[in-house]
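This report looks at aromatic rings and their contacts. The sequence and structure come next.

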Amino acid sequence: MNKSINDSGKKARVDTAPKENKGFLPMSKKEMRALGITQCDFILVTGDAYVDHPSFGAAIIGRVLQSRGFSVGIIAQPNWQENADFNKLGAPRLGFLVTAGNLDSMVNHFTVNKKRRREDVYAPGGQAGLRPDRATIVYCGKIRENFGEIPLIIGGIEASLRRFAHYDYWQEKVRRPILFDSRADLLVYGMGERAMIEIAEGLNAGIPVDQLTHIKGTAVISREAEAGDAVLLPTTEEVMADTQTYARATALIYQSNNAHDPRIYRQPTGNRYLQQNPPQPPLSQAEFDALYDLPFTYRWHPAYDQVGGVPGLEEVKFSITANRGCYGNCTFCALAIHQGKYVQMRSRDSIVREALRMSKDSDFKGYIHDIGGPTANFSHLACKKQDTRGYCPDRECLAPEPCKNIDASHKPYLEALRAVRKLPGVKKVFIRSGIRYDYLALDKDKAFFRELVEHHISGQLRVAPEHVSDEVLRHMGKPAFKVYENFARNFKQIDEQLGKNQFVLPYFITGHPGCSLQDAVKLAEYIRDMGFFPEQVQDFYPTPGSVATAMYHTGVNPLTMAAVYVPKGREKNMQRALVQYNKRENYLLVHEALTKAYREDLIGSGKKALIPAKVKSTDHPTGHANKNSKTNKTRSAQPAPAKRSKINQKDKSRGKNGKKIN
């Protein structure tokens, strides 16, 4: 095996030239020769292990190019401290493609508390440290070092969400658009199939990469101060220097992913400009179906067999992606400027074909873990107007109140579920990628709701009200909490009618912009009254591209320019601790939070109390030994343990890194 040393210590790298490669894109010269390839047209460098499955962006782009007659080689998780891995396939004929992988590399590496993660589900054996921080920039630097001015195209979620000047939580500063730091020629943003085909065909026709400047769905660096109908953003230097200017820029960028808006967005940076061309139109259903008919092996590359494969595949192996895009538009989510607000769904026949293929897998036990997407029960455009005019620039589809024009029919999705349920060998079809309950409530036909409860959950339905305070929910772009409460009551009624004993499992976010300590206490009281404690709680993570991240950085809501309270530092930790106030190690933080919120009534032995009044001087809720004694024999006082129920189970819809798996 090759060895590599990086910031996490020595890492063993697998042999990327196994004895056998059946159906995969090549990862070595030996595999290229076996496929009759003397020189790859494109070489795709990815921060993930190579998994030939449509849930992995590198696999989709590689297969799309292959379907158009281009040969594609894969360099997965190269050792960035040496040159050998970047040279092992030789120079490509047309160019290099670079992606950090399925996650932003900094999110992949660090928890919200900026502690380095110990596992990476997108690496062989789950081993952390096989990709660099800011992988897109580092990989591009090595390619420029080894291959000079070869065409270099970046894409994937890291590049897409960092395409404009952006706040970087890990450095706590605003960074330049990633094209400037990576020195790439083109950036493909969003779902890049169409844009990548146009780039490939242009390069193949002999057009220099510096002349491919107006392809939809791409961003480029321009030296020309073009006039016309472009949207001129504040300069990078201005948004670095002033938070209010950053907020105003965010509001403009928020409108930049409308496929029916022909305008270019330009951001001056130094003496040059970041130019974002209009987005590509959404794929037709036939085009979307065709992606999933490409010859994926649905396996990790055989090189990883020796270390037990890639854990990220196990999360999606028996799940079906049915749709993409989301018009739910929560402020803490960046899907609106990545996948876009246009929901596309595969046809029923396409979904059935994938389920049939899945049912023939030797590891299939009869259970399909999910049929969904970013939001499982979105199956078409929000309204007819979106098809010709795009989305509304001045209102949201669902929050704070649903638009009267929204099409809430679940019929296409329900028909697909029914068809898959009837397939031989399929015992159960689960929905685990998330139900938008406020949208479900708008459907006057309750057939989907009933069949959801009857057929598609296993003891518990995971939904995300995210908070109980309407003020916090407003800043999240979510509906009022009463909408969730009505949904939960209707769920219970249907469940009882069916004779089931199932539960709604709510997810909550702590420390979100707009959440005061009093709001956090209100959430803790709600959890107390639920009678069980959530095993997984999401602490707000300021990731690139989201509106809520702009709130975190600026202290204002960029969509309204109204001031927003932003919990940070110790208070953010207190809000996180309040949600799991039953944990012994959280006692001191919870006590401090309740005191600061003037809620000492929740400290004591009463029925409504969250924690005991006090602990003895020899007790240490944080688990540290008393410095004045050799041993700490007295156990610290702690709240009563959480009630155990079916709901208090590990959530298998989330990966080992805590991220939702669609």
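In this predicted model, Tyr 437 counts as buried because its relative accessibility of 3% falls under the 20% cut-off. Phe 487, at 4% relative accessibility, is also buried.

Tyr 437 and Phe 487 form an aromatic pair of the tilted kind, with 5.6 Å from centre to centre and 35° between the planes. Tyr 437 belongs to helix α16 and Phe 487 to helix α19 (residues 481-497), so their contact ties together parts 50 residues apart in sequence. Both residues are members of one aromatic cluster, which also includes Phe 449, Phe 481, Tyr 484, Phe 491, Phe 508 and Tyr 526.

The count for the model comes to 28 aromatic pairs. Another of them joins Tyr 327 and Tyr 439: the ring planes stand at 75°, over the 60 degrees required, so this pair is edge-to-face, with the centres 6.1 Å apart. The two residues are 112 residues apart and link distant parts of the chain, Tyr 327 being in the loop between β17 (323-324) and β18 (344-345) and Tyr 439 in helix α16 (residues 437-440). Tyr 327 is buried, with a relative accessible area of 0%. Tyr 439 is likewise buried, at 0%.

Rings also meet charged side chains. The table gives two cases in which an arginine lies over a tyrosine ring.

| Arginine | Tyrosine ring | Distance to ring centre |
|---|---|---|
| Arg 266 | Tyr 273 | 4.5 Å |
| Arg 346 | Tyr 292 | 3.9 Å |

For Arg 266, the part placed over the ring of Tyr 273 is the charged end of the side chain. Arg 346 lies over the face of Tyr 292.

Key: Residues are numbered from 1 along each chain as its sequence is written. This is a predicted model: local features need pLDDT of at least 70, side-chain atom pairs count only at pLDDT 80 or more; totals for chains, interfaces and linings use all residues. Side-chain values use heavy atoms; hydrogens and water are left out. Rings of Phe, Tyr and Trp (its six-membered ring) pair if their centres lie within 6.5 Å; planes under 30 degrees apart count as stacked, over 60 as edge-to-face and the rest as tilted. Helices (H or I, at least four residues) and strands (E, at least two) are DSSP runs, numbered from the N terminus. Buried means under 20% relative accessible area, exposed over 50%, partly exposed in between (1.4 Å probe, protein chains only). A charge sits over a ring if NZ of Lys or CZ of Arg is within 6 Å of the ring centre and within 35 degrees of the ring normal.
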